[in-house]
Amino acid sequence: MALDRSDVEKIAHLARIGLNDADIPRTTEALNSILGLIDQMQAVDTSGIEPLAHPLEASQRLREDAVTEPNRRDAYQAIAPAVENGLYLVPKVIE
Amino acid sequence: MHQMTLAEIARGLAEKKFSSEELTRVLLARIARLDPQLNSFITRTDDLAIAQAKAADARRANGETGALLGAPLAHKDLFCTQGVRTSCGSKMLDNFTSPYDATVVAKLAAAGTVTLGKTNMDEFAMGSANESSHYGPVKNPWNLEHVPGGSSGGSAAAVAARLLPAATGTDTGGSIRQPAALTNLTGLKPTYGRVSRWGMIAYASSLDQAGPMARNAEDCALLLQGMAGFDPLDSTSIDEPVPDYSANLNASLQGLRIGVPKEYFSAGLDPRIAELIQASVKELEKLGAVVKEISLPNLQHAIPAYYVIAPAEASSNLSRFDGVRFGYRCADPKDLTDLYKRSRAEGFGAEVQRRILVGAYALSAGYYDAYYLQAQKIRRLIKNDFMNAFTEVDVILGPTTPNPAWKIGAKNNDPIAEYLEDFYTITANLAGLPGLSMPAGFAGGLPVGVQLLAPYFQEGRLLNVAHQYQQVTDWHTRAPQGF
């Protein structure tokens, strides 16, 4: 199934990537050729096969519910695009 | 001085033939003189290097020893390095100075290594040619018109050109082994979970693994020793003891069972590479190895499965780059959605955007079972193929790449053509197995690599086989002209 322009616009919105109108035909073509490669998978018989998420089948480790990290807010905010009074600034969301 | 391997440097420093500071100054001058031809560094850290070299010399004067104490190296610019720009080859992180060290960086610094800089790479490690970097392509020192491979292309070019003895790399689908093959280096991707991923900027978390790149197996053993080990900060780190990787380098290969998969010699393989692989098999037979044909029946499904799993995980991992907390932010966003969309459209390059979009599609409602789940099932089939093979053989041998290095720009309009270059390497990532590439000769003046794969946690076996091969061959000692 080939993607069309509106599919690509929808996917780009889901991924929060603002594609230029001029780029959409080229992006659509590239995605369709990649999906053509990927679709070769559909011919593989995987009935009865369990999916593999971690190559060594390890599961998530648990640890004590204790504070392990120091507060480094200043160091982390020093590299932010815009902060004020310890808060990250973004454009107004609620009018 | 710049010709020395890590092992030779360790001996020279131990015997006080030179200091780490002297060596560091020689290499920094060499990088300043020669790197403009290669573009292998994104950031040079001369002041940090001199300070670390002086500190290493002081520790040695106080009686400390250690194979890596005072050893110069560079980190792929994907390892967070405190106080140093960590760009991941992207405009998105061009302004990002890391507030912390990756575990690999911290461990190697504690061992006394000297960081000469951060090396160039494909943007967010997505590429096999080092052409997608925001900082421009890296040139292959064997022929400056050719790519060095990727994504750890800067580390590969710098070590191949004798700018430094070794560097770190990362490998999600071949990004250590493929550039090592294309530049005449030895490179090792460890078992998934062997080296901490903490502080490595994530591409595909279930596949990413860091490893050493150097000019021979002996040096890879020394560098891996400083990198490997359990890390509670990495949720998929494996708590297994770390063996002495140098201890068995000299073990005999008598009776070693080598499997050569028949599927490796398919139509896509350059016949000159096929010939060199057969020649490497003959050398290993002379050392006592026994060769057997094996089969990996699901090999052909690896690339399609990889190009679902890696983009899907990338689309999730790269959602953190939103223009809010760090990294690039677009100018004058009109609202929050515009801030996200334009920061990401302007901050990410074309290949990164393509992979995020493929991943977002594969994970979107209604497609999860057909794509991500099917890919994970194929992943198990591929792992099962290896588990079956390893009941009959100790290591698996084949080409690292189907072709030698191609010309810069030759595959720019065809992402699929570049994807197919990872045919031999990506199965090790899907199965989580350790893999090593080592020099095996030249085709048209360009290096060719042979790949060895082993069962989980048998990095030492791979290094042993490579080291023994390197005792009877001299491909790995050849240096590119002009460097």
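Biologist: How many residues does the contact take from chain B, and how many from chain A?

Modeller: Two residues are in contact if their C-beta atoms, placed from the backbone, lie within 7 Å. By that rule, 56 residues of chain B and 40 residues of chain A take part. This is a predicted model, in which local features need pLDDT of at least 70, side-chain atom pairs count only at pLDDT 80 or more, and totals for chains, interfaces and linings use all residues. Residues are numbered from 1 along each chain as its sequence is written, while chains are lettered from A and ligands numbered from 1 in the order in which they are written.

Biologist: Which helices of chain B each supply at least two residues of the side that touches chain A?

Modeller: Helices (H or I, at least four residues) and strands (E, at least two) are DSSP runs, numbered from the N terminus. On this side of chain B the helices are H9 (302-317), H10 (336-347), H11 (350-363), H12 (369-389) and H13 (415-419). H12(B) gives the most, with eleven residues.

Biologist: How does that side of chain B divide by class?

Modeller: Ala, Val, Leu, Ile, Met, Phe, Trp, Tyr, Cys and Pro count as nonpolar, Asp, Glu, Lys and Arg as charged, and the others, Gly among them, as polar. The side of chain B that touches chain A has 31 nonpolar, 13 polar and twelve charged residues. For one residue in detail, B:Leu357 is in contact with A:Ile11, A:Ala12, A:Ala15, A:Ile17 and A:Leu31, leaving aside its neighbours within four places in sequence.

Biologist: Which residues touch the most other members of the largest nonpolar core?

Modeller: A residue is buried if 20 or more other C-beta atoms lie within 10 Å of its own, exposed if 12 or fewer, and partly exposed in between, with C-beta atoms placed from the backbone. A nonpolar core is a set of buried Ala, Val, Leu, Ile, Met, Phe, Trp, Tyr and Cys residues joined through C-beta atoms within 7 Å. The largest one has 159 residues, and B:Val159, B:Leu164, B:Val308, B:Leu357 and B:Val395 touch the most other members. H9(B) gives the most to this core, with ten residues.

Biologist: Why does this core lie between domain 1 and domain 2 of chain B?

Modeller: Domain bounds come from an automatic or database domain assignment. Domain 1 (6-255 + 394-477) and domain 2 (300-375) of chain B both give residues to the core, so it lies between them. The C-alpha centres of these two domains of chain B lie 27 Å apart.

Biologist: What is the radius of gyration of chain B, and what does the globule rule give?

Modeller: The radius of gyration is taken over C-alpha atoms, and the globule rule is 2.2 Å times the number of residues to the power 0.38. Chain B comes to 15 helices and eleven strands. Its radius of gyration is 21 Å, close to the 23 Å of the rule for 483 residues, so chain B is as compact as a globular protein of that length. Of those 483 residues, 61% count as buried.

Biologist: What radius of gyration does chain A have?

Modeller: Chain A has 22 Å, whereas a compact globule of 95 residues would have a radius near 12 Å. Of the 95 residues of chain A, 17% count as buried. Along the sequence, chain A follows the pattern α-α-α-β-β.
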